[in-house]
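The structure is shown first.

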Amino acid sequence: MSNRLAKETSPYLLQHKDNPVDWYPWCREAFDRAKQEDKPIFLSIGYSACHWCHVLAHESFEDEETAGLLNKYFISIKVDKEERPDIDSVYMSICQAFTGSGGWPTSIFMTADQKPFFAGTYFPKTSRGGMIGFRELLFTIHEKWVSQRDVLLRQSDEITRHLNQTQESTGYADIELTHLAVQQFERIYDKKYGGFGRAPKFPTPHILLFLLEYYEHYKTTSCLRMAEHTLLQMYRGGIFDHIGFGFCRYSTDKKFLVPHFEKMLYDNALLILAYCKMHTVAKNDLFLEIAEKTAGYILREMTSPEGGFYSSQDADSEGEEGKYYLFTPQEITEVLGKADGERFNRHFDITDTGNFEGKNIPNLLQSDPSDKNSDSFLPKLDQYRKKRSSLHRDEKILTAWNSLMIAAMCELYLISKKEIYLTAARNADRFIQQYLCEDDTLYVSFHLKKRGVRGFLDDYAAYIFAQLSLYRATLECNYLSRAENLCDKVISDFGDNTGGFYLYGNGHEELILRPKETYDGAIPSGNSLMACNLVRLSLLTDEEKYRTAAEYQLDFLAQNASEFPTNHAMFLKALPEHFNPPAKITVVPDAQTDKSKLSVSLPPDAAIILLPQPTTEYPLKNNKTTYYVCQNHSCLPPTNDPDKLF
């Protein structure tokens, strides 16, 4: 018998529809029942590609005895973090307050008033290795609910009151923050293997984007070296799928060899941006090739027939983490033949001893990454792998993640000049317009022909970012106008007169906390992206309201960034553009100019204004398309040659 989750559209919730647990989705009915029956609530938050979410489900939620305890003593609620980032943010901060860390699955015990009194992440079915077992935890919490409820409620009130304390922003945006951040990145940089800090190592492409931006402004060679080494090492390692392409979630080791095998849309979007930027700075075609391989994976495996981008691919296949990606030398020689197989095995470090649980993750850590001799074998191995086993794919379309991929495809189009990437960006934008947007209201997700709840700050911030990228790639003013309209909506619906933007807007469901996130995690925070958006809009429009809003936003973010600059890389990326704006190029086309080709003829980072016709201030020179360049607070003579702008 299926439970209530069978009526949901979230792939994560549907994974639990056959659990013996009497699950509710997040809804008023669940809280009303908890109040009527005087039971605490067990809230479980995760996502469909999460390996440890699967482990907890297999061990406990699929177990009749454990489910019986949940059904007897608790009201159980299941939430997809990707569809309800507001709930995830609130209760992740609570988990971090209780335990000092966080992650998924997130396990929260709380009252019918949504106030938490205990939190954690994964719990084994039975106690082991110093970890309390999930069954034992359920018994313990039930006993305390019956005999020591006043202690639990007091603890709940204290943690809620603490997290609700607000602090007015007293920061002041200063370019010195970027210098401080670089010093800190240099201290935690792994000189041998690339990346930052110890294992596990995450791609954090927004850090690399900041370092490359900083290098362009200050020519600090350490920034170029850190970014280039890290991007090269990630590609050479097993975190990159050398057979089917695309990047996995993170590396469990310091070498970027052994990944956590799930693939997320947002990681690949941000990494395409980082590799494109690296190509622009270093003029090394290998980085463009990596970006195109990653985009090829997205277009082949992660794009819906309607043009939207799917969310993720699972780490597990047939119940085993990474099974889909692993090979033995014998498999390779059986598929490719002895001579070609042995050559392939040498190149991709596939050995009898293996590098992961007796099998092999293909990698280039011992090989020359520019050697393409084995590339011709990859399609055959990719097809073999797909026939051997399969991966679950989360096919919901998320506005925020799609927006990041739209921006990535636009950037790749500008760098490669290949129309396929711009077409993909336009198609995804049309999908959002058709299924995830109503007037100026965005929605979080679309799956099984149903859209999710109204959008949050991250959705608006990322979609504005995408519109500005589409404008830069096409110079079509409708994208710029849409960015302005949505930005005005964010300011009115999500803004706070003490600074910054709330995660959820004025018309959303009210939770026990109203977060105002600034920290850049796996993806940049909505507040960081809004800083980038406002800085760019102020540059493109010369509107005072955007310049003022940008300054307020930068000052707001500066407070937290001054304490933890390495956790606010996307905000720091916006600072040089604000204090030292890129070149602003006003283009006046003549009647014969193909306007669709103008964007790729100009520097990708420049702020471009395309005028529909000549004006008194901007006339044509020699009756030909004319370029007016302003940079470093001065204007250069107009020119007809885009190759002689600087």
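How many nonpolar, polar and charged residues are in the lining of the second largest pocket?

## Basis

This is a predicted model, in which local features need pLDDT of at least 70 and side-chain atom pairs count only at pLDDT 80 or more, while totals for chains, interfaces and linings use all residues. Residues are numbered from 1 along each chain as its sequence is written, and side-chain values use heavy atoms, with hydrogens and water left out.

## Second largest pocket

The lining has 20 nonpolar, 6 polar and 10 charged residues. Here Ala, Val, Leu, Ile, Met, Phe, Trp, Tyr, Cys and Pro count as nonpolar, Asp, Glu, Lys and Arg as charged, and the others, Gly among them, as polar. A pocket is an open set of points, on a 1 Å grid over the protein atoms alone, where a 1.4 Å probe fits and protein lies on both sides within 12 Å along at least five of seven lines; lining residues have an atom within 4 Å of a point.

The volume is about 920 Å³, taken as the space filled by probe spheres set on points joined across faces, edges and corners. Of the 36 lining residues, K277, R536, E577, P604 and D605 lie nearest the centre. Elements giving two or more residues to this lining include helix 11 (265-282), helix 20 (526-541) and helix 22 (569-579). Helices (H or I, at least four residues) and strands (E, at least two) are DSSP runs, numbered from the N terminus.

## Helix pairs

The axes of helix 12 (residues 285-301) and helix 17 (residues 419-435) come within 12 Å and cross at roughly 45°; axes are lines fitted to C-alpha atoms over the stretch in contact, and angles run from 0 to 180 degrees between N-to-C directions. Helix 12 is therefore oblique to helix 17 (under 35 degrees is roughly parallel, over 145 roughly antiparallel, 65 to 115 roughly perpendicular, the rest oblique). In contact (heavy atoms within 4.5 Å) are E292, A295 and L299 of helix 12 with I420, Y421 and A424 of helix 17.

Helix 4 (residues 64-73) and helix 6 (residues 134-147) have axes that come within 10 Å and cross at roughly 20°, so helix 4 is roughly parallel to helix 6. Their contact has 6 nonpolar, 2 polar and 2 charged residues.

## Backbone features

Most residues other than glycine have a negative phi, and most peptide bonds are trans. A cis peptide bond joins W104 and P105, with omega about 5°; another joins A199 and P200, with omega about 0°. F256, not a glycine, has a positive phi of about 65°.
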